[in-house]
Amino acid sequence: MDFSWTDEQRLWRRAVRDFAQNEIAPHVREIDEEERIPRGIIDGMAEVGLLAPTVGEEYGGAGADWTMAAIAAEELGRADISLAVPVLYLVEAAWGFIFYQYGSEELKQEYLPKVTRGEAFLGIATTEPEGGSDILGACNTRATKDGEDWLFNGEKTYISGVRESLDWGGIHLLLARTERDPDAGHRAFTFFAMPLKGTQGITPTYFDDMGRMGISTGGFALDEVRLPAAHQVGDLNRGFYHAMEGFSAARTLIGATCLGAARATLDMGIEHIKMRSAFGRPIASFEGVQFPLADLYTELEGTRLSTYKAAWTMDQKYGHDAATHHDIAIAAAMTKLKAPVLGFKLMNEVADWFGAMAYTKECPVEMGIRGIRSYSIGAEGTPNIMRMIIARELLGQEFLPTQYMEKA
């Protein structure tokens, strides 16, 4: 078993780290306060190859594998602990790949080169007001065929990048119900490339989030929205399965992002406890600080191994056959279960080390706490949904109390 990095991976990490620390890290507070990622950072990410890097080179992507994608996610999280830039990155890396895999050539030629240049946004829209993880029960947005077009009615909510998509142009991969048969189960949904900018019948909404301020969160209602049939992504009524693939990819990159932010926060804390004195000696010399540090570092390293195991598993097995989804799903769910919760726990402990300063904006840890909380609350699945996935893969779905966890 070899835990070393290849030369290519080391060079890639160094390139991403240099860019992220020099061009992103100095502007994180600005991003948080102005609630926008500066155009210069977007352009720089495009130049380095950090926008939809998993897309093929023929569309301007880097053709990165999932280990390389996870490396970049970790380094971006380390530079921007508010997690705004990492959200932009991982959404396009995960769902850009799904679009690259299943979109028509016409659609890919139209959108992907713009996405990889930072001239358009690519996002995901599955969540609805009735719920997020319960796709079968909560996805009520309908697409009905009308001649050569599709008509859409419904609503999507808690979606990343609504403002960016309206400002820049681009698409959200929208999951809609295309089969009315109540017994269709998972075979009732189809993915579509939904442009928000300039599309008649789209009414956007925005939320005032507590964190990740540099990228918008919102939703949109669809009232008789018409799209050409060519905007279908993937096979008819196979959207649920494509979504499950995308969620596994996103969960893996979320794990790497959260670990990067957690490690950056731990590094800040270590420097602080070495310098801060109490009762005549550095607080790093007290066991009440040393023992949590040792525990958190151990948990962090273990979760980091799990995260890169998930990326490696995707590299080895993605797309080979349906049976391999077991290995990918369980590995991705494990890292999504552990990394955000551990990151939040670690940041709160480090805040205690900083004391009163951590309750002010003089200390960047508060940005991390606000940002990372989104990933344990629910983005790409709550902790309990991750537990259900892991249990399903270990026991078989016949032991689970819900019909909605059918193996993709």
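The axes of helix α9 (residues 239-275) and helix α12 (residues 365-377) cross at roughly 160° and come within 11 Å. The two helices are therefore roughly antiparallel to each other. Their crossing is left-handed. On the α9 side, the contact uses I254, C258, T265 and M268. These residues meet V365, I372 and Y375 of α12. By class, the α9 and α12 contact has 6 nonpolar residues, 1 polar residue and no charged residues. The model is predicted.

**Helix pairs**

Two packed helices are described by the angle between their axes and the distance between those axes.

| Helix pair | Axis angle | Axis distance |
|---|---|---|
| α9 and α12 | roughly 160° | within 11 Å |
| α11 and α13 | roughly 150° | within 9 Å |
| α4 and α9 | about 35° | 7 Å |

**α4 against α9**

Helix α9 also packs with α4, at an angle of about 35° and with the axes 7 Å apart. This crossing is right-handed. From α4, the contact takes W66, A69, A70, A73, E74, G77 and R78. From α9, it takes A249, L253, A256, T257, G260, A261, R263, A264 and D267. The contact of α4 with α9 divides into 9 nonpolar, 3 polar and 4 charged residues.

R78 is found in helix α4 (residues 66-79). Which residues does R78 touch, leaving aside those up to four places away in sequence? The list is R17, Q21, G260, A261, R263, A264 and D267. G260, A261, R263, A264 and D267 belong to the α9 side of the helix contact. For R78 and S4, the separation is 74 residues in sequence and 20 Å in space, C-alpha to C-alpha.

**α11 against α13**

Helix α11 (residues 325-354) and helix α13 (residues 383-395) have axes that come within 9 Å and cross at roughly 150°. That angle makes α11 roughly antiparallel to α13. The crossing is left-handed. In α11, the contact residues are H326, A329, I330, A333, M334, K336, L337 and V341. They meet P383, M386, R387, I389, I390, R392, E393 and L394 in α13. By class, this contact has 11 nonpolar residues, 1 polar residue and 4 charged residues.

**The second largest pocket**

The second largest pocket has a volume of about 550 Å³. Its lining counts 16 residues. Nearest the centre lie D2, F3, Y308, K309 and W312. Which helix gives the largest share of this lining? Helix α10 (residues 287-317) does, with 8 residues.

Key. Residues are numbered from 1 along each chain as its sequence is written. This is a predicted model: local features need pLDDT of at least 70, side-chain atom pairs count only at pLDDT 80 or more; totals for chains, interfaces and linings use all residues. Side-chain values use heavy atoms; hydrogens and water are left out. On a 1 Å grid over the protein atoms alone, a cavity is a set of points where a 1.4 Å probe fits but cannot get out, and a pocket is an open set with protein on both sides within 12 Å along at least five of seven lines; lining residues have an atom within 4 Å of a point. Grid points are joined across faces, edges and corners, and a volume is the space filled by probe spheres set on the points. Helices (H or I, at least four residues) and strands (E, at least two) are DSSP runs, numbered from the N terminus. Axes are lines fitted to C-alpha atoms, for helices over the stretch in contact, and angles run from 0 to 180 degrees between N-to-C directions. Angles under 35 degrees count as roughly parallel, over 145 as roughly antiparallel, 65 to 115 as roughly perpendicular and the rest as oblique. A crossing is left-handed if the near helix is turned anticlockwise from the far one by less than a right angle, and right-handed if clockwise. Contact means heavy atoms within 4.5 Å. Ala, Val, Leu, Ile, Met, Phe, Trp, Tyr, Cys and Pro count as nonpolar, Asp, Glu, Lys and Arg as charged, and the others, Gly among them, as polar.
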